[in-house]
Amino acid sequence: MERIVIFDTTLRDGEQSPGATLVPDEKLEIARQLARMGVDVIEAGFPLSSPGDFEAVSRIAKEVRNASICGLAHADAAAIDQAWEALKGAADPRIHVFLSTSDIHLMHQLRKNKEEVMVQAVSMVKRARRYVSNVEFSPMDATRSDPEYVYHIVEAAIDAGATTVNIPDTVGYVMPLEFEALIRGVFERVRNIHKAVVSVHCHNDLGLAVANSLAAVRAGARQIECTINGIGERAGNCSLEEVVMALHTRKDFFSQFASQIDTTQISKISRMVSDYTGMIVQPNKAIVGANAFRHESGIHQDGVIKERTTYEIMDPRSIGLVSSELVLGKLSGRHAFRQHVAEMGYQLSEEDLGRAFLRFKELADKKKEVTDRDLEAVISDELRMSHEIYRLEQVQVSCGDHSIPTATVQLIAPDGNILSDAALGTGPVDAIYKAINRIVGVPNRLIEFSVKSVTEGIDAIGDVTIRIESEGRVYTGRGAATDIVVASAKAYMNALNKLLAAQPSYASKP
Ligand code: KIV
Ligand code: ZN
């Protein structure tokens, strides 16, 4: 069996999805789960890009020991030095250096010729090698570059010390047969290719990211770069769950290849990434969509009842999809709660655990059955709230078909003061948002609002996702509560706090 190295870039390329900003605590929690499921390399961020990215990479490097931790750097001395600063606590640090190679990028973006780019790539790979023995080099936009130039620069990067060479389909342009030929070319034309692992990084603009990655494996690639739920720049990246389950389900076809991913963790991490980023998974998404294992037609249902494999190529249990069990009741104590939450894979601080426990108790009073899905929603909500600059203390609304929707809100300001205000609106949510705006006073536009229930039943937790826009940037917010009006207020506070955190006056320094 040949091992396919799974390189997860959810925390770097995935976070580049508009509005998917994550705070360092959320990134750390996702990184822990990625390592738990067996991801080989975690690209934790781009340390030079922001103080938040630097902090996240550095905390993940120190705390997540059972995976290689990678930091991205463009081919520039300051970016490489900063990547090393963030990574230096890691058990197995990797610096990922990238530089464009296509004529389009050279002419319009870098304004350099091929020789200059070659010299820069070599010198920056050498610089990264001074810090770490594990260096990856990516010729960006490789699939729109002259293949001969790609082979040359890859060869030079390996001579300079690159141990992994990654061929990115940066704009999701290539077709599977073409990509397979390009990767075969790498093996045929690059003299020293036996000294490096060949990797691929495919974007999904034409919906071909997974197909291209698998075609590359057939041509000799042994590392696949991917993200949970396929999130990422524009149409996203190769989806981890799809590519891993393709290798797993079609063992007959990919007989000599295997990843070391524990597939039973997939469903859980998919929900976690969706909860934290606010990127909702489409119902018909392969593997992790809500409908992926649902059968609607009578003939299909009849077949599955008689024999599951008639219409299911994967066992839902193989991705960890089990019906939500009743886990804890209202008499369960803090000890049982702590243990159960740890078994679910969370490592919460005492403070976060205390708050989550109180929320669980409140929930157990309102809801007959508290399931793992409910606990996930509560914990995600608590983690979100623990980073807020302004905190929602109280919300009250009055509405109905013969009244003017009116909301009163109380927020705790950064200095600890309690601020209250009220507003009228076209509906209860509008009134709440207007009342909050009167206190926080940051202009923005609501561009999306959606509500779904976490589990079935009339007493289910409502999960609200919103997107707001301010000065061309999108911020996602999420909130969970049994009362959807309260969940809407929390979602708005979550998005607003991300907007505030992005303002220079609030940003923390590394
Ligand atoms: O899409 C891309 O080319 C990238 C590189 C940084 C590898 O994300
Ligand atoms: Zn990318």
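**View 1. Asparagine 237 sits in the loop between strand S9 (223–226) and helix H9 (240–249).** Helices (H or I, at least four residues) and strands (E, at least two) are DSSP runs, numbered from the N terminus. This is a predicted model, where local features need pLDDT of at least 70, side-chain atom pairs count only at pLDDT 80 or more, and totals for chains, interfaces and linings use all residues. Residues are numbered from 1 along each chain as its sequence is written, and side-chain values use heavy atoms, with hydrogens and water left out. Asparagine 237 counts as buried because its relative accessibility is 2% (buried means under 20% relative accessible area, with a 1.4 Å probe and protein chains only). Leaving aside residues up to four places away in sequence, asparagine 237 touches, among others, Thr9, Asp13, His201 and Gly232 (contact means heavy atoms within 4.5 Å).

View 2. On the domain 3 side, 13 residues are in contact with 12 residues of domain 4. About 1,000 Å² is buried between the two, and carbon and sulfur atoms give 51% of that (buried area is the accessible area, 1.4 Å probe, that two parts lose on being put together, summed over both). Lys367, Arg373 and Arg384 supply 41% of what domain 3 buries against domain 4, more than any other three residues.

**View 3. Aspartate 381 and lysine 490 join their side chains in a salt bridge, 2.8 Å from N to O.** That term takes a side-chain nitrogen of Lys or Arg within 4 Å of a carboxyl oxygen of Asp or Glu. Between domain 3 and domain 4, the count is one salt bridge.

How values were computed:
Chains lettered and ligands numbered in written order. Buried < 20%, exposed > 50% of the residue type's maximum accessible area, 1.4 Å probe, protein only.
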